[in-house]
Amino acid sequence: MKNSILIAVCVILGMTNSFAQIKGDWKGTLELQGVSLDLIFHITEKDGKLKGTMDVPTQGAMGLPLTEVKFENSLLMLSQTQAGIKYEGTLTGDKVEGEFLQGGMKFPLNLEKAILSKPGDTTLVSSSADLAALALLADGNYKYKVEDYFARPKSSSFQLSPNGKYLSYMEKDDQNKRHVMIKEIATGKIARAIEEKKELIRGYGWINDNRLVYVMDKGGDENYHLYAVDLDGNNNVDLTPYEGVQASILNLLKEQKDFMIISMNKDNKQVFEPYKVNVNTGELVKLFTNDDPANPIAGYDFDKDGNLRGYSKMQNGINQQYFYKVNGAADFDLFHTTKWDDSFSVLSFNYASENPDDAYVLTNLDSDKARIILYDFKTKNNLKEIYSNEDFDASILGLSRKRNWEIDYLGYEGEKLLIEPISTVFKKIYANVTKQFPNHQFSITGKTDNEDQYLILVQSDKLYGKYYSYYASSGKLELLYDLMPQLKEEDMAEMRPIKFETRDGLTIHGYITLPKAAVEGKKVPLVVNPHGGPQGIRDSWGFNPETQLFASRGYATLQVNFRISGGYGKEFLRAGFKQIGRKAMDDVEDGVKYAIEQGWADKDNVAIYGGSHGGYATLMGLIKTPDLYKAGVDYVGVSNIYTFFESFPEYWKPYKEMIKEIWYDLDNPEEAIIAKEVSPVFHLDRIKAPLFVVQGANDPRVKIAESDQIVKALRDKGVDVPYMVKYDEGHGFAKEANSIDFYKSMLGFFSKYLN
């Protein structure tokens with residue numbers, strides 16, 4: 001247990017010995033060695049005795065049991081024997097004033113009564129002690145700890161300033177807070193620009209040479225705010241200071257360096273509208289009105305000068321209309337109408353052309369696989385095909401702003417990421433990097449405006465990532481930072497691309513990560529890991545801390561890109577519509593069969609684990625094929641399609657008809673029957689394998705009720721269901737301590753049920 005959460009605190013209320021005066025929730029802030037920790041204590045009475053637990057929300061620690069709780073003559077005494085902590089405090093008015101002792105040191109602590117309301121049914125949640133005991137089942141003599149895979153790198157998210165004078169990065173302190181640091185390259189001087197406090201910095205980037213933008217929400221609620229700040233941390237402005245509003249960046253305006261174009265659902269929670277924002281003052285100007293929630297605008301195409309050139313609008317929830325304004329025209333005209341799942345999107349306008357209506361478009365309107373074309377919006381002509389692939393969707397276009405917007409590279413994601421160099425400059429970069437790092441992949445994560453210096457991230461299935469500085473003039477690569485030096489490539493497991501045919505003749509791609517024993521021919525336990533989404537999402541080749549952790553404990557991991565996954569063409573996507581929980585699950589099961597036939601997996605030791613749709617697939621797997629899986633882990637998963645639809649966030653509601661096409665139309669009697677057949681909550685009598693359920697309390701997509709109802713129903717029928725809830729998380733855990741707790745408990749769960 002971390003020192004930062006092993007802090008005993010006392011709660012006192014009452015001028016008499018009446019337990020009624022101190023029962024309840026109490027909150028205070030402890031200042032400990034320069035760190036402020038909010039502490040919450042829950043005091044209860046049972047059989048004439050007081051009991052207590054402690055929460056440290058910023059550390060993700062909830063329900064930590066206190067060893068002793070006493071209240072006599074207005075004095076409250078608490079202790080936590082394991083941590084060597086004692087507290088004594090006296091009730092004064094409506095506050096408790098006292099001190100806690102740890103390691104011979106005393107610190108003042110005052111508490112006040114708090115009225116706390118936690119989402120969901122708190123009585124269902126497993127105690128911290130029970131989850132810690134579960135985690136202990138996986139203890140063993142392993143070379144790498146869970147923390148080695150899931151502790152965030154000491155430094156990460158490196159970026160270059162546009163002028164190349166500064167290098168920015170996120171640096172983790174001893175309390176797992178990640179602050180944004182700025183290094184002046186010429187002098188080596190380092191300063192902190194952004195301090196991470198209670199809420200996580202979800203991302204950051206350079207706006208111009210002097211100002212940064214960063215993103216935060218509250219506890220994972222996904223109502224993101226955008227902030228801008230100077231390099232020295234001054235002039236920190238909330239650009240979107242609106243409660244319950246989700247904001248995002250649409251365009252960074254290189255040609256207007258004090259402005260950005262952002263998107264917000266400020267005026268109507270169901271639709272997003274574009275604004276031009278002054279990044280110094282926060283002044284906003286709305287650029288277009290999205291006033292038809294029934295047929296919302298789903299995307300905006302701005303050019304590099306901040307002009308709105310086109311937008312896509314949903315029609316009746318299932319069609320998509322594209323409106324375009326030809327250069328010199330007064331207004332937008334309807335360009336075409338397609339189905340929502342047809343692709344026709346502007347990757348970039350062709351600024352190298354004298355025709356301002358030329359654009360690089362990603363489309364599959366007249367093909368199965370998406371391809372990149374050069375298109376003339378004025379004449380409505382396809383000028384030429386730029387890039388395509390027979391088996392996979394094209395998706396990658398790299399342009400050089402410095403060299404008059406020439407194409408640097410094109411590519412697609414197949415079994416691995418494939419980049420084809422086009423320009424002379426990029427061919428040199430590509431040759432230099434691939435020569436030094438064969439069997440690896442690389443990506444350009446940043447470059448100066450002059451394109452004389454690049455940041456390159458090198459990765460593979462066995463390498464989490466190393467940042468390199470690349471100098472265009474010399475072709476020299478310099479190691480900047482190894483993100484996870486503790487994980488040695490030679491110790492990591494191979495992630496092997498696989499391909500198999502389903503029972504109905506569809507070709508499916510995926511990956512299997514094999515521990516050493518499996519490579520040597522031994523059949524090992526298998527963890528099946530369906531991805532989220534489900535539509536348009538896919539698993540990819542590369543370093544995956546989950547699968548590497550599982551491999552280090554002797555488990556193989558199977559990842560299947562089942563029908564409806566993205567990247568394999570339009571027909572493959574559509575093959576999964578209205579097949580969630582049915583043929584999509586068949587594909588996963590056929591993948592398990594393939595892994596067993598290859599001699600990798602022990603057919604009697606298979607578990608299933610996934611998040612979001614993957615959590616739903618876990619539940620359906622335990623129901624649809626109850627004899628296939630020995631255990632399951634449901635992480636923020638849908639359990640009831642009916643309640644899932646009812647709990648949509650406001651900004652999902654305009655897309656309900658589209659979601660009906662993907663999942664099921666509950667207004668159609670026949671499909672409503674199918675939806676009930678594939679809603680796990682209605683078929684829990686078929687689940688016989690133990691299940692571990694994990695949930696973020698603030699999840700706006702899959703509400704906590706989805707997990708609560710599964711836990712209660714299965715426990716009522718005698719199934720072992722440990723239940724982890726983190727009250728400072730949303731749709732998936734973002735905080736390091738929470739992630740580590742989760743994976744430790746999951747390993748204990750697998751250790752208990754997989755031989």
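1. Contact of α1 with α13. In this predicted model, Leu131, Leu134 and Ala135 of helix α1 meet Lys744, Ser745, Gly748 and Phe749 of helix α13. Sorted by class, the residues of this contact are four nonpolar, two polar and one charged.

2. Geometry of that pair. Two packed helices are described by the angle between their axes and the distance between the axes. Helix α1 spans residues 128-136, and its axis lies 6 Å from that of α13, at an angle of about 60 degrees. The crossing of α1 with α13 is left-handed.

3. The crossing of α5 and α13 is right-handed, whereas that of α1 and α13 is left-handed.

4. Residues between α5 and α13. From α5 the contact takes Glu546, Leu549 and Phe550, and from α13 it takes Tyr743, Met746, Leu747 and Phe750. Six of these residues are nonpolar, none is polar and one is charged. For the contact of α1 with α13, the corresponding division is four nonpolar, two polar and one charged.

5. A residue in a strand. Ser469 belongs to strand β35, which runs over residues 466-471. Is Ser469 buried or exposed? Its relative accessible area is 8%, so Ser469 is buried, the limit for that term being under 20%. Leaving aside residues up to four places away in sequence, Ser469 touches Gln453, Tyr454 and Leu455 on one side of it in the numbering, and Lys476, Leu477, Glu478 and Leu480 on the other.

6. The chain as a whole. The chain holds 13 helices and 44 strands. Its radius of gyration is 28 Å, close to the 27 Å that the globule rule gives for 755 residues, so the chain is as compact as a globular protein of that length. Along the principal axes, the C-alpha atoms fill a box of roughly 85 × 60 × 55 Å.

7. Burial and contacts overall. Of the 755 residues in the chain, 56% are buried, and Ser469 is one of the buried residues. Among contacts with a separation of 6 or more, 52% join residues 24 or more positions apart.

How values were computed: Residues are numbered from 1 along each chain as its sequence is written. This is a predicted model: local features need pLDDT of at least 70, side-chain atom pairs count only at pLDDT 80 or more; totals for chains, interfaces and linings use all residues. Side-chain values use heavy atoms; hydrogens and water are left out. A crossing is left-handed if the near helix is turned anticlockwise from the far one by less than a right angle, and right-handed if clockwise. Helices (H or I, at least four residues) and strands (E, at least two) are DSSP runs, numbered from the N terminus. Contact means heavy atoms within 4.5 Å. Ala, Val, Leu, Ile, Met, Phe, Trp, Tyr, Cys and Pro count as nonpolar, Asp, Glu, Lys and Arg as charged, and the others, Gly among them, as polar. The radius of gyration is taken over C-alpha atoms; the globule rule is 2.2 Å times the number of residues to the power 0.38. Buried means under 20% relative accessible area, exposed over 50%, partly exposed in between (1.4 Å probe, protein chains only). Axes are lines fitted to C-alpha atoms, for helices over the stretch in contact, and angles run from 0 to 180 degrees between N-to-C directions.
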